[in-house]
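Have a look at the model, then read on.

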Amino acid sequence: EKMTLLSYPFELVAPMAAISSILLLLLGPLLVPRFYLVFLLLYFIFFLYSQINHVFKFWITSSLMMKKIRQWNQSQRINEKTTSNNNNNNNSPTSPTPTPTRERYNVVDDERMDEMEASLKLYEDSHFIHSFIVPNYAEPEGLLRDTIKRLANHRNAQTNYVIILAMEASELGHGAKAESLAEYFKDSFLHFIITVHPADIPGESRGKGSNVSYAARVGCSEMIRRGVDRRRVILTISDSDSSIPELYVHELEKSFNQAEDPYFLLYAPPIFFSRNCFDVPAAVRMTDITWSAMVMANLSNSRGIAFPCSTYSLSMVLAERVGFWDTDADSVGEDMHMMLKCFFKTDGMARCQPIFVPINLTNVQTNGYMSNMYARYVQAKRHYNGIADVSYTLRNAFGISEGSNNEILIANTKKSSMYASPTFWFDKLIICIKVLEAHMIPVTSGWLMFAAVPLMQFVLFPPHSMVAIVDPADNPILTSDFYATLWNIVKIITVFLPFPLFGTLAIYEYLHRYVDRELYRKQKSEGRTWRNCFDYISLPIAAWLFMTIPSTIAALKRLYKTNDQYIVSEKFFEEERD
């Protein structure tokens with residue numbers, strides 16, 4: 001109870017932000033118009049600055065993604081030509097045709113060629129064991145088979161891949177589904193481990209995080225029992241629909257080998273929605289596009305303070321060091337929460353290392369337009385329950401944390417470890433700002449951006465005297481040049497607020513076409529066309545239905561902390577026949 005009382009002020013931050021934005025929207029022009037004008041000016045300036053910053057970071061991420069894909073394709077072509085040339089030499093040793101040289105390939109120069117060949121050689125001789133944890137609950141067996149099959153097609157799958165299929169005991173028929181998949185992939189991987197997460201573990205909140213935590217503990221223990229060196233193991237957490245390309249594993253190993261201390265890193269790729277995006281409503285499609293763009297922008301951070309989403313990797317050493325994943329109700333957003341936990345448990349040493357290779361996911365899809373919209377709304381409500389990380393972050397950065405034996409630890413200025421980051425306090429401030437931005441902007445922007453200026457215009461400058469609420473003598477915009485200037489500045493800024501979003505979408509359109517064409521090998525007719533520009537008409541609906549409303553509900557629920565029912569949104573999947 002002492003822990004609860006000490007942390008309660010931090011629990012109020014999220015719900016108070018939601019309540020304050022709504023109350024200010026309704027009562028600000030009436031009760032505190034001067035304060036409200038200043039607040040709107042500061043809020044809109046911060047919002048505009050942050051969005052412009054995100055556009056530049058998104059552009060950096062997209063450029064690096066395209067660069068990695070281009071280099072991978074070049075290296076594959078070089079590899080194919082080299083293999084073809086060796087085969088020709090073996091078959092025709094006396095051929096007068098000269099051996100192709102690097103200059104004749106005309107792909108890259110010698111230095112780039114050597115680098116690519118060394119990188120491929122390093123990947124082919126990999127000593128890492130990649131353990132893919134695939135948590136699932138009530139997902140179609142065909143979807144799981146397709147996800148795992150894509151991993152089985154990687155060249156090192158049989159020698160270096162371990163699948164940990166994380167089932168839920170509460171799912172009817174989970175055993176038969178797991179055994180069917182294990183039989184299907186019995187010769188495809190180094191190991192195929194099945195874990196079954198019990199439904200009645202005291203203190204746990206059901207969801208992906210608790211399933212992943214149980215699977216990681218059991219799976220890691222099983223791998224060690226089978227003689228696998230823990231320092232060789234890289235855990236990759238995926239969703240049931242994550243399509244992980246071989247390029248991701250290649251870049252992951254490259255980053256691991258080049259890192260100064262890879263055992264303090266989480267490796268995070270961007271997410272991408274290109275598997276069934278044209279089979280869902282435009283509002284669902286646009287929501288996931290903006291979601292993936294925000295994830296990509298977040299990854300380009302010079303200090304390594306970023307957050308993974310959906311799919312990410314870390315060493316078994318780091319997972320064990322921080323006590324694996326948290327499983328309580330405050331850790332439902334398991335991806336961001338794990339990064340935060342690693343950061344605080346290592347005294348700021350842990351960082352997020354971006355891997356600029358997109359992970360292809362499926363949009364939520366059901367039969368019927370309204371059913372599909374509702375399913376996406378259910379998914380959005382679950383996602384925004386991650387607002388619990390606001391309290392967790394503030395509590396650990398500037399308040400209290402719970403140590404071993406449930407003792408209360410009061411934050412102080414002393415380093416708790418000789419290996420603590422020398423900039424720990426500054427980094428804590430940055431991570432608090434990023435977490436607050438990630439969760440408070442959705443809670444407040446929908447109300448203030450869309451309605452603040454029109455509503456204030458209506459209240460202070462009514463279209464007819466019959467609906468006048470404020471006496472002109474009490475209107476600061478009419479009685480003060482200073483506030484009149486502020487009001488004009490606010491109106492001008494609101495005109496520019498959508499422009500960063502337009503820039504983001506323009507970059508995304510080019511990126512989506514490039515990734516579809518160069519990485520997924522789709523035909524032009526299978527990708528986005530000019531007709532998809534009409535999708536943007538659905539943006540206001542998507543913003544309110546899938547961002548503002550669910551994030552506000554999630555924030556208000558922090559006042560009474562309910563244990564939500566474990567519901568997953570349906571992902572319709574039609575399996576291709578072999």
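The angle between α11 and helix α19 (residues 499-518) is about 95°, and their axes are 11 Å apart. Axes here are lines fitted to C-alpha atoms, for helices over the stretch in contact, with angles running from 0 to 180 degrees between N-to-C directions. Helices (H or I, at least four residues) and strands (E, at least two) are DSSP runs, numbered from the N terminus.

On the α11 side, the contact uses Met286, Ile289, Thr290, Ser292, Ala293 and Met296, and they meet Leu501, Thr504, Leu505, Tyr508 and Leu511 in α19 (contact means heavy atoms within 4.5 Å). By type, the residues of this contact of α11 with α19 come out as eight nonpolar, three polar and no charged.

## What you're looking at

This is a predicted model, where local features need pLDDT of at least 70 and side-chain atom pairs count only at pLDDT 80 or more, while totals for chains, interfaces and linings use all residues. Residues are numbered from 1 along each chain as its sequence is written, and side-chain values use heavy atoms, with hydrogens and water left out.

The chain has 20 helices and eleven strands. Of its 578 residues, 54% count as buried (buried means under 20% relative accessible area, exposed over 50%, partly exposed in between, with a 1.4 Å probe and protein chains only). Take the contacts between residues at least 6 apart in sequence: 83% of them join residues at least 24 apart.

Now for helix α13 (residues 334-345) and helix α15 (residues 388-398): they pack at about 5°, with axes 11 Å apart. That angle makes α13 roughly parallel to α15. Met336, His337, Leu340, Lys341 and Phe344 of α13 make the contact with Asp389, Tyr392, Thr393, Asn396 and Ala397 of α15. The α13 and α15 contact residues divide into five nonpolar, three polar and two charged.

How enclosed is α15 by the rest of the structure? Largely, because ten of the eleven residues of α15 are buried. Among those buried residues of α15 are Val390, Leu394 and Arg395.

## Rings and charges

The structure holds 25 aromatic pairs. Rings of Phe, Tyr and Trp (its six-membered ring) pair if their centres lie within 6.5 Å; planes under 30 degrees apart count as stacked, over 60 as edge-to-face and the rest as tilted. Tyrosine 184 and phenylalanine 185 make an edge-to-face pair, 4.8 Å centre to centre with 75° between the planes. Tyrosine 184 is partly exposed at 35% relative accessibility, whereas phenylalanine 185 is buried at 2%.

Phenylalanine 256 and tyrosine 267 form a tilted pair, since their planes are at 35°, with ring centres 5.9 Å apart. This pair links distant parts of the chain, phenylalanine 256 in helix α10 (residues 246-258) and tyrosine 267 in strand β5 (residues 265-268), eleven residues apart. Phenylalanine 256 is buried at 5% relative accessibility, and tyrosine 267 is buried at 0%. Elsewhere, Phe35, Phe39, Tyr43, Phe44 and Phe47 form one aromatic cluster.

Lysine 428 lies over the face of tryptophan 425, 3.1 Å from the ring centre, and the charged end of arginine 34 sits over the ring of tyrosine 483, 5.9 Å from its centre. The test is NZ of Lys or CZ of Arg within 6 Å of the ring centre and within 35 degrees of the ring normal.

## Loop residues worth a click

Serine 310 lies in the loop between α11 (282-299) and β7 (312-315) and is buried, with a relative accessible area of 5%. Residues touching serine 310 include Lys208, Asp239, Asp335 and Leu361, leaving aside residues up to four places away in sequence. Proline 270 is 40 residues from serine 310 in sequence, and 9.2 Å from it in space, C-alpha to C-alpha.

Most residues other than glycine have a negative phi. Phenylalanine 324, in the loop between α12 (316-321) and α13, has a positive phi near 60°, and phenylalanine 324 is buried at 9% relative accessibility. Arginine 521 also has a positive phi, about 55°, and is found in the loop between α19 and α20 (539-556).

Conventions:
Parallel < 35°, antiparallel > 145°, perpendicular 65-115°, else oblique. Nonpolar A, V, L, I, M, F, W, Y, C, P; charged D, E, K, R; others polar.
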